[in-house]
Amino acid sequence: MSTSQPRRALNIDNINPHVKAAQYAVRGELAVRSEEYRAALAKGEGKDLPFDTVIAANIGNPQQLDQKPITFFRQVASLLENPLLLEHEDVLINSLGYKSDVIARAKWLLKEIKSVGAYSQSQGAPGIRESVAKFIERRDGYPASSKDIYLSTGASSGVNTLLHVIAAKPETGILVPIPQYPLYTATLSVLDARCVPYYLEESKSWGTNLQAIQEAYDKAVSEGTDVKAIVIINPGNPTGASLTPADIKAVLKFAAEKSLVVMADEVYQTNVFIGEFVSFKKALRDLQKETPGKYDTLELASLHSISKGMVGECGHRGGYFELVSFDPEVAAEIYKFISIQLCPPVLGQCIVEVMVNPPKKGEPSFELYNKEYTNIFEGLKKRAYALYEAFKQMEGVEIDEPQGSMYLFPTIKLPAKAIKQAEKEGRKPDDFYCFRLLDATGVCVVPGSGFGQKEGTLHFRTTFLAPGTDWTGRIVKFHKDFMDEFRE
């Protein structure tokens with residue numbers, strides 16, 4: 001009989017090494033420390049801290065930062081969660097301020113799904129997918145089919161699905177923009193596939209640089225990488241950049257020439273301050289019209305989500321992706337993969353439906369919906385520009401005018417003394433700066449190294465979701481004190 005001590009099956013040395021290798025900076029050590037500060041302040045224990053609130057500017061989580069839910073969306077959701085309320089329409093309308101179109105929408109959705117507590121089809125409820133297809137048609141001016149729409153648990157599960165299917169072997173490579181949202185590198189790390197980084201052009205408002213993409217592709221191929229896809233985030237995360245139609249078409253032409261799948265992450269499509277959003281689907285259909293036959297086999301997967309924009313319903317985990325020109329046998333395997341996960345949250349699917357099919361002009365809920373939507377957009381823009389103006393005043397900080405998404409990604413130039421101190425503490429310089437910022441102000445941002453950046457450059461990413469603009473003053477004061485402390 002064994003007399004050895006009982007032991008756990010798992011330890012840090014025998015779990016999946018690819019999970020250990022994955023990094024996800026937006027919820028990393030800085031975020032953990034900021035939550036510890038938040039908890040201390042909530043318990044009344046943070047008397048010695050130099051701030052009285054924590055500003056979570058590290059993650060695009062609008063409603064945690066007091067963005068109010070859109071009334072129409074939540075009223076519909078409340079009736080879906082508790083259909084018994086529909087037996088009291090007079091109370092809903094006369095006492096609780098529900099409008100008739102809210103009740104009509106909830107009834108229609110219940111007819112489609114039966115109950116938010118029931119599974120839907122793996123691909124999502126057919127009626128909701130039909131609504132998404134009609135939205136895409138209105139947006140782009142080209143037909144869309146519900147059979148090509150896959151509802152998902154936020155856009156991130158769509159990314160996960162697509163990368164699982166594409167990453168066939170360790171030599172599979174995916175072109176990923178740098179700086180990028182770390183979901184892509186982390187997922188590729190877990191899948192033991194190769195990230196092929198291509199640098200965005202900071203001097204051109206973080207636009208794509210076709211030469212940089214070509215060089216990254218050629219280098220990867222010469223090293224034995226089988227490059228299968230290119231990821232584009234538009235509007236950009238973390239950069240906030242909004243691509244021009246010419247940039248989009250250039251990427252599509254390159255992808256067609258090299259037989260690459262285009263993964264277009266378009267979750268910030270309504271967060272555009274300069275110019276207007278053009279989808280990859282529209283640009284592809286325009287190209288197909290201009291040159292018939294040439295781009296008909298170019299595979300495009302475009303993703304959208306209820307988490308961002310003016311909707312901000314991150315916690316409800318709803319999204320979709322559309323497949324364009326995929327081989328039907330491959331699409332069947334994608335369907336099988338999502339079937340293993342059963343289906344996306346059904347309430348999330350319903351919120352996707354109200355996002356893509358909101359109240360229209362002349363309908364009872366339109367006026368309030370339009371007012372709330374516009375106020376959120378204008379509030380985000382105002383805060384983006386307040387931060388932009390603050391960063392412009394700061395010594396050694398370079399920043400582009402806000403274009404879109406929910407982020408600014410300023411360049412910071414730190415004194416040599418600060419860089420030496422960071423080395424002494426075993427931290428990267430931008431990491432060191434962000435920890436000092438958090439400890440002094442309670443403002444949590446993410447160092448540029450968490451997204452990737454050109455050698456010799458330093459950045460940080462901040463959201464502009466937090467209410468008010470006074471917290472920007474905390475950053476300005478901290479930066480001045482920091483620069484003075486480490487001045488040569």
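**Figure 1. Buried residues of helix α6 in the predicted model**. The buried residues of α6 are G127, I128, R129, S131, V132, A133, F135, I136 and D140, where buried denotes under 20% relative accessible area, exposed over 50%, and partly exposed the range in between (1.4 Å probe, protein chains only). Their packing partners are α5 (100–113), β2 (149–152), α11 (280–290), β7 (300–305), β8 (319–324) and α13 (346–356). Helices (H or I, at least four residues) and strands (E, at least two) are DSSP runs, numbered from the N terminus. Residues are numbered from 1 along each chain as its sequence is written, and side-chain values use heavy atoms, with hydrogens and water left out. Because the model is predicted, local features need pLDDT of at least 70 and side-chain atom pairs count only at pLDDT 80 or more, whereas totals for chains, interfaces and linings use all residues.

**Figure 2. Length and end of helix α6**. With 15 residues (126–140) at 1.5 Å a residue, α6 should span 21 Å; the expected span is 1.5 Å times one less than the number of residues. The end C-alpha atoms are 21 Å apart, in agreement with that expectation. G141 follows α6 and has a positive phi, near 80°.

**Figure 3. The largest nonpolar core**. This core has 81 residues, and those with the most contacts inside it are F73, L80, Y320, F391, Y433 and F482. A nonpolar core is a set of buried Ala, Val, Leu, Ile, Met, Phe, Trp, Tyr and Cys residues joined through side-chain atoms within 4.5 Å. Domain 1 (17–66 + 372–486) and domain 2 (119–356) both give residues to this core, so it lies between them; the domain bounds come from an automatic or database domain assignment.

**Figure 4. Surroundings of Y433**. Not counting residues up to four places away in sequence, Y433 touches M394, I412, L414, F460, F478, H479 and F482, contact being heavy atoms within 4.5 Å.

**Figure 5. A cis peptide bond at P235**. The bond that joins N234 and P235 is cis, with omega about -10°. P235 belongs to the loop between β5 (226–233) and α10 (245–258).

**Figure 6. Positive phi at D192 and S259**. D192, although not a glycine, has a positive phi of about 55°; D192 sits in the loop between α8 (183–190) and β4 (194–199) and is partly exposed, with a relative accessible area of 33%. S259, in the loop between α10 and β6 (261–265), has a positive phi near 55°. S259 is exposed, its relative accessible area being 59%.
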